[in-house]
Amino acid sequence: MAKTRIELTVNGQAVEGLVEPRTLLIHFLREQLGLTGPHIGCDTSHCGACTVDLDGKSVKSCTLFAVQAQGSQVLTIEGLAAADGTLHVLQEGFRQMHGLQCGFCTPGMITRAYRLLQENPRPSEQEIRFGISGNLCRCTGYQNIVKAVQYAADRLAGIDVKEAAE
Amino acid sequence: MIPGSFAYHRPQSVREAVAMLADLGEEARPLAGGHSLIPMMKLRLAQPQHLVDLGGIPDLKGVRAEAGDVVIGAMTSQHEMIASPVLAERIPLLREVSVLIADPQVRYMGTLGGNVANGDPGNDMPAVMVCLGAIFQLAGPNGERQVAAREFYQGAYFTALEPGEIVTAIRIPAPPAGHGYAYEKLKRKVGDYATAAAAVVLTQSGGRLTSCSIGLTNVAETPLWADGAAALLVGSTLDGETIKQAVAAAEALTAPASDNRGPAEYRTKMAGVMLRRALARARSRAA
């Protein structure tokens, strides 16, 4: 099948590529752009490990064709930290609150939580749990994941947060 | 998992989309949110040669009030429906249903049009549209037409859609101010289809029901409109005996499959339980 040229913005950088229409966005990101932060977990749109931000929406990039992202703004976990390596406040939250064990779900969790906090900067615990219900953690670390998101929300609201790590 | 090869088309207008689907024929499928179709393609259970992506057609988006109706573009996502002030005011039932569909990521992509047009008995919106008396606006090679939701569903994955036709909008008569509503869905986990679910819209006056409509999800090959059960309830005070009769009438309509969600008998009984709960909650919300 003939390849199609796509142009989009990924983590603030203009990128282009030649893809077959059947190429999934996750494969384009991981294999052509080398962005291996978004993971392939279940490959059946259940687990959320492949979550990226696409034009202000959290999407499962295993269930979207790369051609559908033509002209879009995509943000992956790689695009969250500052250029000098300073962690995004959500990444800092996951570090401080031990929001991960094996870490496989973490890029999806953080990317999803990023959009959640854009839409609802002061979520309740219940709203966080509802907001990340499309992301599965098989280490069963949800308690600390919720705390990590709360930490980020508090920090973004200028509230002093007790730091737990180290 | 990688789908089979296909050619991708992204029309800019309904007219262009319909012409493409007519030209490309049986090997073409319209692509809405893709969260039913793309997983099927990855499993190679669907292998369309052409995908006509409806995502670039502005006319298919948005929610607007028109006189006593609400008109929702077919490509309006569940996320957009949850956030819509028009729906919150006029048909709050749709928010209640939308938040029970799949998960947040899927709701950013999943559309009302895809949900109603797919004909999957597991989808939630069809029974809700049947309950609300929605009208589907269709466009196809022979022009536009309207089909009532109550006449749209013919079997699992079989609908009134003719080859090349797409759903462009859903027109819903807004229930009267002060109506009560509820959607009760039994599911095993977030993202699951219903074991059984019931949608109820009702009005009351002086303690008696003045109208009632009931839709049931995933307990037959098509969504069920339990009009006989609803008729038993109208005029009643929702007393225990009348509810018992209505629940029995609704259960009698069901013909669920036995599957991982439970044996058929269980799913029928759960449809009854969901109906009881939906009636109670709808009434508690009615003025």
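Reader: What makes the pairing of A:Arg115 and A:Asp53 a salt bridge?

Author: In this predicted model, where local features need pLDDT of at least 70, side-chain atom pairs count only at pLDDT 80 or more, and totals for chains, interfaces and linings use all residues, the N to O distance between these side chains is 2.8 Å. A salt bridge is a side-chain nitrogen of Lys or Arg within 4 Å of a carboxyl oxygen of Asp or Glu, and therefore the pair A:Arg115 and A:Asp53 qualifies. Residues are numbered from 1 along each chain as its sequence is written, chains are lettered from A in the order in which they are written, and side-chain values use heavy atoms, with hydrogens and water left out.

Reader: How do you know that B:Lys42 and A:Asp43 form a salt bridge?

Author: The closest N and O atoms of B:Lys42 and A:Asp43 are 2.7 Å apart, and the rule finds 2 salt bridges across the interface of chain B and chain A.

Reader: Which residues are said to be in contact between chain B and chain A, and how many?

Author: Contact (heavy atoms within 4.5 Å) takes 29 residues from chain B and 31 residues from chain A.

Reader: What is meant by the area buried between chain B and chain A?

Author: Buried area is the accessible area (1.4 Å probe) that two parts lose on being put together, summed over both; for chain B and chain A this is about 2,500 Å², of which carbon and sulfur atoms give 62%. In chain B, the residues B:Phe6, B:Gln105 and B:Tyr108 lose the most area to chain A, together 26% of what that side buries.
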